[in-house]
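Try each task yourself before you read its solution.

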Amino acid sequence: MLASGIDVGIVCCDVKGTAACHFCQVLLFLVVICAEVAVVLTYVQLCSEDYRWWWRSFWSSGSVALFCLIYAVGYLVFDLNHLSQGGFPSLVMYMGYMTMIVIAVYISTGTVGFLSSNLFAYTIFSSIKLD
């Protein structure tokens, strides 16, 4: 199912020919992977009878932001040589914007993970019949 969604996206991008289509594909792929990882980790946690899965589902899928932060700092150190010409204000501005982006990524991917885990747990526990 995911492969057919990617193929449809490629056809749409070929017709339109914009970079926005590729950005939407990457964003969709990120959302699907965050949801899948959160659901699998929630399932493992529920199998071990640990029912405190709420924050862990948020943190597990929100951890993508940590990689974004590491990439931003690495990009600053290794590739942004022209930023040093602007001085300290340019450095503060770059890190300020990247911090806001990392926080937004953390909140959005964490929310996706929590909502998918919540739907998963609701589906599992709604099928239990008590006699």
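**Exercise 1.** Decide whether serine 116 is buried or exposed in this predicted model.

*Solution.* Start with the relative accessible area of serine 116, which is 16%. Next, recall the cut-off: a residue counts as buried under 20%. Serine 116 is therefore buried, because 16% falls under 20%. To place this residue, find helix 6, which covers residues 88–126 and holds serine 116. Then look for its contacts beyond four places in sequence: serine 116 touches Ala35, Ala38 and Val39.

**Exercise 2.** Find which residues phenylalanine 120 contacts, leaving aside neighbours within four places in sequence.

*Solution.* Begin in helix 6, where phenylalanine 120 sits. From there, you can pick out its contacts: Val39, Thr42 and Tyr43. Along the chain, phenylalanine 120 and threonine 42 are 78 residues apart, while their C-alpha atoms are separated by 8.5 Å.

**Exercise 3.** Work out which element gives the most residues to the lining of the largest pocket, and describe that lining.

*Solution.* First, the space: the largest pocket holds about 280 Å³. Two or more lining residues come from each of helix 2 (19–47), helix 4 (64–78) and helix 6. Helix 2 gives the most, with 6 residues. Now go through the lining, which includes Phe23, Leu30, Cys68, Ser108 and Val112. Finally, sort the lining residues by type: 10 are nonpolar, 2 are polar and none is charged.

How values were computed
Residues numbered from 1 in each chain as written. Predicted model: local features only at pLDDT ≥ 70, side-chain atom pairs only at ≥ 80, totals over all residues. Heavy atoms only, no water. Helix = DSSP H or I, 4+ residues; strand = E, 2+ residues; numbered from the N terminus. Buried < 20%, exposed > 50% of the residue type's maximum accessible area, 1.4 Å probe, protein only. Contact = heavy atoms within 4.5 Å. 1 Å grid on protein atoms, 1.4 Å probe; cavity = no way out; pocket = protein on both sides within 12 Å on 5 of 7 lines; lining within 4 Å. Points joined across faces, edges and corners; volume = space filled by probe spheres on them. Nonpolar A, V, L, I, M, F, W, Y, C, P; charged D, E, K, R; others polar.
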